[in-house]
Amino acid sequence: MKKSRTTLAIAIVGALALGSTLGACGSSDDKAGGSESTTLDPNTKVTLNVVGLLPGAKPEAQKALADEVTDFQKENPNITVKTHDYEWKATTFAADLAGGTLPTVFEIPFTDGKTLIANQQVSDMQAYLSQLSYASNFNKNLLQYGQGPDGHIYAIPAKSIYAVGLHYNRDLFTQAGLDPNKPPTTWDEVRTDAKAIADKTGQAGFAQMSKDGTGGWQLTVDTYARGGRVEDGKKATLTNDGTKAALQFLKDLRWTDNSMGANFNYDWSGINQAFAAGKIGMYTSGQDVYTSLVQTNNINPKTYGLTMIPLTGGDSGVLGGGTMAAVSVKASNVEKAAAVKWIDYHYLRKYTNQDAAKKNAEIMVASKQPVGTPELPIFSQQQYQQYQDWIKSYVNVPLDQMTTFTGKVFDAKLVNEPAIATQDVYKSLDTVVQAVLTDKNANIDQLLTDANTKAQRAIDSAG
């Protein structure tokens, strides 16, 4: 019997697990904070620097965040919150962290939690998190990404729990004589539709990220979709048939069909901007990117479509991931106590409290910001369904233009990102993607052999 959408969503998030289910959060006697108080005295004044929106966010999005900060400070008059524009990038994050230029509360992808914990670069937040009424209700399979070997929680699942989808421009589909309500379901159809868009509109029918680790990230997406893997335990497996097929697909689009436009140097923010501007027919990215397209890139909702990436082969699957909130290892106990209050208010409370859910939705709607962008749940099945019911009347995203994704993704196999030296593996694949898109005579086998050697060195070093 077919499961409900919510049940399947919980099953999918469970599939993100790398190990066994965790126990509930510990008590305030845990080592985080030691014998120091982990609660914030209301008479203690503290200024808290936190990540805000992406650079270049629209004034409406800035206003929505400012309103949220104002409301938070009314509830916590002893805490002054200062937001800072922020975009996580593999190429700059390590230097920013080492240089101490990150805010006290910052965001990291699931893939980076274990490394930062091992390097003692994020604070132990166990005792602070355990004070929250819903601390034991997290999906334990997500919580473990921020868990240290001591069992403590250092980074907290916060937002953008995603599965990668195929984003497409409905206007370009129509201009190319394609039906925007029937997006492609196979890679052959993606290729055919991309060529039609390029030939009839002059825009790129399909585009691919290629730098700052995003090229390797999306090539891994393409590999999973064809049944391949880029790691097997502690062994790099970049030369697998799925990766080769994905690169040949890009090569055919680029050099045989001429359907990828003229820009082959996109990162995450760059490809979002070009897509929102109507310069790209299709690209792959997390299903949650619609919010950023509205807040930062001023996309016209009528032009937006989201569908499943094609899956071929018995072991094919969709890459999944997410974002955690972490606290600087340099933070004082007072800052940690303030930080967990902000993490609760800004990221999580809306999922567990009806008044907070409605208040957040009202702020977002008033500022013309998205409410209801598809996501995968952080908490339990029941809590997730309850949250959906709370915000139902506020939803303003074009969900009817995303049904070929939302109606199918919960039946798909969700696959973790490569577990060891993730960003280094992605970087080793960036150059492969770039070479295939810029050199007609690129040798895919040799490129992957060289990249595999680099990736194996990184895995051995991390191992």
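**Figure 1. Helices α8 and α10 run roughly parallel to each other.** In this predicted model, the two helices pack at an angle of about 20°, and angles under 35 degrees count as roughly parallel. The axes of α8 and α10 lie 11 Å apart, and the crossing of the two helices is right-handed. Helix α10 comprises residues 241-256, whereas helix α8 comprises residues 187-201. On the α8 side, the residues that meet α10 are Trp187, Val190, Arg191 and Ala194. Their counterparts in α10 are Phe249, Asp252, Leu253 and Thr256.

**Figure 2. A salt bridge joins Asp199 and Lys195 within helix α8.** The side chains of these two residues meet at 3.2 Å, N to O. Side chains of opposite charge can pair when their charged atoms come close. Where do the two partners lie relative to one another in α8? Asp199 and Lys195 are four residues apart, which is about one turn of the helix. An α-helix has 3.6 residues a turn, so residues three or four places apart point the same way. Asp199 counts as exposed because its relative accessibility is 51%, and exposed means over 50%. Lys195, at 33% relative accessibility, counts as partly exposed. Elsewhere, salt bridges that share partners join Glu75, Asp344 and Arg349 into one network.

**Figure 3. Lys359 and Asp71 form a salt bridge between two helices.** The structure holds 12 salt bridges, and in this one the side chains of Lys359 and Asp71 meet at 3.8 Å, N to O. The pair links distant parts of the chain, for the partners are 288 residues apart. Lys359 belongs to helix α14 (residues 354-366), and Asp71 belongs to helix α2 (residues 59-75). Is Asp71 buried or exposed? Asp71 is buried, with a relative accessible area of 18%. Lys359, by contrast, counts as partly exposed, at 38% relative accessibility.

**Figure 4. Lys159 and Glu107 form a salt bridge between two strands.** The side chains of Lys159 and Glu107 meet at 3.3 Å, N to O. Lys159 lies in strand β4 (residues 155-169) and Glu107 in strand β3 (residues 105-109), so the pair ties together parts that are 52 residues apart in sequence. With a relative accessible area of 9%, Glu107 is buried.

**Figure 5. Helix α17 is mostly covered.** This helix spans residues 422-438 and has 17 residues. From its first C-alpha to its last, α17 reaches 25 Å, close to the 24 Å expected at 1.5 Å a residue. How many of the 17 residues of α17 are buried? The number is 12. Among them are Thr422, Gln423, Tyr426, Leu429, Asp430 and Val433.

**Figure 6. Thr220 is a buried residue in helix α9.** Helix α9 comprises residues 214-225. Thr220 has a relative accessible area of 0%, and buried means under 20%. Which residues does Thr220 touch, not counting residues up to four places away in sequence? Its contacts are Val230, Leu319, Pro418, Tyr426 and Leu429. Tyr426 and Leu429 are among the buried residues of α17.

Terms used: Residues are numbered from 1 along each chain as its sequence is written. This is a predicted model: local features need pLDDT of at least 70, side-chain atom pairs count only at pLDDT 80 or more; totals for chains, interfaces and linings use all residues. Side-chain values use heavy atoms; hydrogens and water are left out. The expected span of a helix is 1.5 Å times one less than its number of residues. Buried means under 20% relative accessible area, exposed over 50%, partly exposed in between (1.4 Å probe, protein chains only). A salt bridge is a side-chain nitrogen of Lys or Arg within 4 Å of a carboxyl oxygen of Asp or Glu. Axes are lines fitted to C-alpha atoms, for helices over the stretch in contact, and angles run from 0 to 180 degrees between N-to-C directions. Angles under 35 degrees count as roughly parallel, over 145 as roughly antiparallel, 65 to 115 as roughly perpendicular and the rest as oblique. A crossing is left-handed if the near helix is turned anticlockwise from the far one by less than a right angle, and right-handed if clockwise. Contact means heavy atoms within 4.5 Å.
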